[in-house]
Amino acid sequence: MFAAERRQLILEMVRANGAVSLRELARVVQTSEVTVRRDVRALEAEGLLDRRHGGAVLPGGFARESGFPQKSHLATAEKTAIADLAAGLVEEGEAIVVGAGTTTQELARRLARVPGLTVVTNSLLVAQALAHANRVEVVMTGGTLRGSNYALVGSGAEQSLQGLRVSRAFLSGSGLTAERGLSTSNMLSASVDRALVQAAAEVVVLADHTKLGTDTMFQTVPTDVITRLVTDEPSGHDDRAATELQALADQGVQITVAGGPATGTGPGHPGAEGAQQPDRRGPRRDVPLPGQRRSHPAAGGPVPGPGPQLRSAAPLAEQPGSGRVADLAPRRR
């Protein structure tokens, strides 16, 4: 395929979906990510699209949000891997909140197997994924239906969350940076997400590599409130995404990366003495880590916070759903 043909196809994909990852573009045009990155830069120079870490979006994408049909086809393999790891964090009998999004929908499908679980959500898609799980109780918020992402928003949703207290919140969003934390393009969605955060002792963000370094209009979760980030491994050529991950780790966010290299030997690593074995839902990575305790603004006091560590998980040969972890300490300042 000639360069002009590739770039036309790339442009058509971005126009159709709003945002596309470099991996997906490389797969469709059947070339390397390095070549696609050059094409994206050329198209950006012409003002036809905007680059983002690990992908491309329509010009002015800072204020634009893709609808559910477009989002559901983006980074599907990455979202599956993220959901697999996040499900391993949930204990039997827990009460959690799960926000709206395509990645959290994938998580909900895996939570259907966790007995005694209570899930509070404003997402119709999350509720649908758990509708036939007879050992999971689903609690829906009130609110007004937002059709673009099948979520309940507005004052009704926020008021129904008042007085609620759960162990963890699992949230997604449109962008994630170390400077501002998690953000989204819609004001109503951001407001409900903030209410979900206020109800939880810990906040787990699910974000694939295309969202790293992307900043959108409305902040939902500041970086110092995020307990853990579950993401996928950025491309080896994506130095900016790796830099963003390190900056998040430096600020105390514990980071679990699906598909990362297995080079660690710290606590929780399957090769380390006393490491826990994965349970039937996947690996447990919720192990004590060095670092200061951080206070959640809604918790009324300090809660255990993981130290600034970058943790990476890769599949084990004996069990497809399990993983190995590697620790990366923060840079010395």
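Modeller: Two strands count as paired if DSSP finds at least two bridges between them. Helices (H or I, at least four residues) and strands (E, at least two) are DSSP runs, numbered from the N terminus. This is a predicted model, where local features need pLDDT of at least 70, side-chain atom pairs count only at pLDDT 80 or more, and totals for chains, interfaces and linings use all residues. Residues are numbered from 1 along each chain as its sequence is written, and side-chain values use heavy atoms, with hydrogens and water left out.

Biologist: In what order do the 3 strands of the open sheet stand?

Modeller: The order is E1-E3-E2, with antiparallel pairing. Strands E1 (19-21) and E2 (50-52) are at the edges with a single partner strand each, so one side of each has no neighbour in the sheet. From one strand to the next the twist averages 25°; axes are lines fitted to C-alpha atoms, for helices over the stretch in contact, and angles run from 0 to 180 degrees between N-to-C directions.

Biologist: How many bridges join E2 to E3?

Modeller: There are 3 between E2 and E3 (residues 55-57), and the two strands run antiparallel. Asp 50 stands opposite Val 57 in E3.

Biologist: Which strands does helix H2 touch?

Modeller: Helix H2 (residues 22-29) packs on the sheet through E1 and E3, contact meaning heavy atoms within 4.5 Å. The direction of H2 makes about 75° with that of E1.

Biologist: What describes two packed helices?

Modeller: The angle between their axes and the distance between the axes. Here the axes of H5 (residues 76-87) and H6 (residues 102-111) come within 8 Å and cross at roughly 50°. That makes H5 oblique to H6, since angles under 35 degrees count as roughly parallel, over 145 as roughly antiparallel, 65 to 115 as roughly perpendicular and the rest as oblique. Residues making the contact include Ile 82 and Ala 83 of H5 and Leu 107 and Arg 110 of H6.
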